[in-house]
Amino acid sequence: MTEHGDHGTASTDTTPDDDPYLWLEEVTGDEALSWVRAHNEPTVAALTASERFRELEAATLAALDTDDRIPYARRRGEYLYNFWRDATNPRGLWRRTTYDSYVTDAPDWDVLIDVDQLARDEDENWVWAGATALRPEYERALISLSRGGADATVVREFDIPSRTWVTDGFVLPENKSDVNWIDRDTVYVGTDFGEQPDGQGSLTDSGYPRVVKRWTRGTPLSDAVTVFTGETGDVSVRASYDSTPGFERHFVGRATDFFNSLDYELRDGTTELLDVPTDAHAGVRMNWLLVLSRSEWEVDGTTHAPGTLLAFDYESYRSGNRDATVLFAPDAHTSLVDYAYTRSHLIIVKLHDVHTGVEVRELATWRVVDMPGLPDLATVSVLDTDPDESDEVFWSATSFTDPPSLLHGDSGHAPEVIKRSPAFFDADSVTAEQHFATSDDGTQVPYFVVRRRDVSHGPTLLYGYGGFENALTPSYLAIAGQSWVERGGIYVIANIRGGGEYGPSWHTQAQKAGRHKVYEDFAAVARALVDTGLTTPAQLGAQGGSNGGLLMGVMLTRYPELFGALVCQVPLIDMKRYHLLLAGASWMAEYGDPDDPAQWEFMKPFSPYQNVDAEATYPPILVTTSTRDDRVHPGHARKLVARLEETGHDVQYYENIEGGHGGAADNKQSAFKSALAYEFLWRTLSPED
């Protein structure tokens with residue numbers, strides 16, 4: 001990898017053998033939690049005493065709790081199901097209503113599970129983690145509940161008509177389990193079964209199921225029959241049942257890494273490999289196999305670019321026939337972001353320079369049909385369809401300045417708006433513009449600038465992610481709009497490589513040894529904001545979480561001169577040990593294997609923990625995480641703070657004792673965390689305000 005100047009790369013190479021802060025990886029250790037509380041106290045005292053903090057927190061909580069926001073729902077049979085949190089029900093209600101009631105201003109909701117009451121009754125810190133209902137009657141559901149917001153969940157079976165837990169139901173203790181219905185009395189389950197006949201455990205190195213079994217009601221979990229086993233080095237395995245009438249099929253699969261999988265159909269107890277590239281996204285529905293390529297793929301002498309969507313006749317494909325219909329082909333500006341079936345159509349959602357477009361095709365003939373009535377200049381997405389039952393589609397449309405609207409109608413016909421979110425700032429006074437920055441290798445990197453029309457210069461907040469093919473598309477800035485933009489700040493979103501804004505290759509070129517492109521792109525946007533006169537380095541802040549938290553750590557240690565403040569949330573930081581902590585092993589396909597000396601060479605310059613320099617000048621930084629985050633280990637954030645303090649740098653820290661990977665377990669915690677970040681940014685980037 002080519003180095004591009006000295007950006008504070010440093011001087012201390014800490015290996016696990018001499019890491020003085022390993023004790024901070026003890027998530028709930030007494031000494032570690034004492035350290036957390038000692039660091040929380042001064043941060044809370046410094047940032048929460050102002051009137052502005054109280055205004056930010058109250059406005060954010062009001063936006064999160066308002067009854068006027070859209071109660072997004074999914075159709076399951078004759079009912080629409082919704083999970084709802086508000087000030088009265090901070091843990092939430094799982095509820096349902098009919099469509100006719102739903103479209104009214106005051107739907108008549110039938111509450112199925114009150115999570116607040118359940119938590120009180122059981123004296124547990126329950127956080128809702130989802131429900132999987134059994135088709136087609138939707139009378140039974142597998143409910144997942146998390147303690148404090150962790151990824152690991154407890155699973156219980158619930159009888160919907162009687163609103164009771166099933167006494168002889170499927171129940172799993174806390175784990176990162178995967179459970180899918182086969183029929184009323186049978187499920188596929190992957191969980192921690194203990195040691196297996198091969199002498200290995202039932203979980204992968206990443207902590208997810210390695211073994212999937214078929215479990216029958218009324219039998220102990222220990223009697224469940226193994227149907228598929230992966231390798232400990234896999235990310236996970238899973239099994240599913242397609243209950244489409246007339247096309248019932250069983251599938252199993254191994255995620256061999258985060259971006260590659262081996263998928264099989266189970267036929268008569270044997271596995272038949274689905275012969276597609278391991279990095280492709282493939283799915284079978286009725287007669288069709290759809291394959292979205294992620295790398296070049298030669299089919300019958302034709303080479304298809306990454307990001308091409310191809311359709312095959314599934315049974316013919318199994319027999320070796322490779323006749324393909326190209327449903328979508330990318331170009332330099334256009335990529336596929338999503339597709340969804342209805343009973344009669346395939347809906348394809350595209351991005352063109354990070355702006356969405358929709359195409360609808362007739363099933364089987366694949367003919368493009370007219371799709372009128374969707375809003376222009378908005379991010380449009382498909383929220384829900386039920387292809388076994390109808391052509392019904394629930395759509396969402398939004399932009400940076402337009403609150404989300406919920407649209408409903410049949411595919412191929414103009415939908416109507418049935419719900420609108422309230423506005424939280426004056427959109428007429430705000431403008432959103434797209435620009436492009438030139439990265440170190442000449443690549444044009446798009447970014448969006450959102451500001452009040454009367455603001456042309458001042459405190460600017462740059463947000464980025466840049467990983468795992470996640471695209472940052474325009475969406476309503478409910479919180480940033482009122483907490484930052486309306487107050488006179490400029491908000492910028494960078495569509496850097498590593499994301500999926502321009503299809504798979506926008507991501508793959510920034511994996512592993514190409515990772516430096518993520519950081520060069522973000523730095524290029526930061527420089528462009530200054531070069532165009534929008535802001536100055538002293539007034540430029542940046543914010544990111546998770547993989548975006550790693551981005552912030554790299555900005556701190558390699559590009560500190562570009563920023564006046566950084567907010568680093570639930571971050572990865574110690575890339576020498578990330579693969580040994582919680583789910584970290586599952587991300588080696590993204591970042592690399594630090595135990596391989598050749599890979600560590602390209603990883604080391606971008607591992608913030610190993611690159612903190614006592615001689616460098618760093619901008620003020622706020623680091624936040626969650627004790628209950630069982631995806632990205634809180635030890636990353638803790639150790640960064642400890643190392644910064646050791647080397648004499650300015651750092652503030654806050655760790656939520658609950659919250660999971662999102663950093664918050666309810667709206668009140670989310671509002672507090674948000675206000676903390678914005679108060680830090682305001683007083684750092686605009687101290688006279």
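Modeller: Two strands count as paired if DSSP finds at least two bridges between them. The model is predicted. Strand β26 (residues 355-362) pairs with β27 in the antiparallel sense, over two bridges. Val-360 stands opposite Val-369 in β27. This pair of strands belongs to an open sheet of four strands in the order β24-β25-β26-β27, with antiparallel pairing. The edges are β24 (334-341) and β27 (368-369); each has a single partner strand, so one side of each is left without a neighbour in the sheet.

Helix α1 covers residues 30-47, 18 residues, and reaches 26 Å from its first C-alpha to its last, close to the 26 Å expected at 1.5 Å a residue. Its buried residues are Ala-32, Leu-33, Trp-35, Val-36, His-39, Asn-40, Thr-43 and Leu-47. These span an arc of only 150 degrees around the axis, which puts them on the same side of α1. The face turned away from that buried side carries the exposed residues Asp-30, Glu-31, Glu-41 and Ala-45. The cover over the buried residues includes α2 (51-65), β38 (621-626), α12 (635-646), β39 (651-656) and α13 (667-685).

Leaving aside residues up to four places away in sequence, Asn-40 touches Tyr-653, Tyr-654 and Glu-655. A polar atom of the Asn-40 side chain lies 2.8 Å from the backbone nitrogen of Glu-655.

How values were computed: Residues numbered from 1 in each chain as written. Predicted model: local features only at pLDDT ≥ 70, side-chain atom pairs only at ≥ 80, totals over all residues. Heavy atoms only, no water. Expected span 1.5 Å × (residues − 1). Buried < 20%, exposed > 50% of the residue type's maximum accessible area, 1.4 Å probe, protein only. Arc of directions from axis to C-beta. Contact = heavy atoms within 4.5 Å. Polar contact = N/O pair within 3.5 Å; in protein donor to acceptor, adjacent residues only side chain to side chain.
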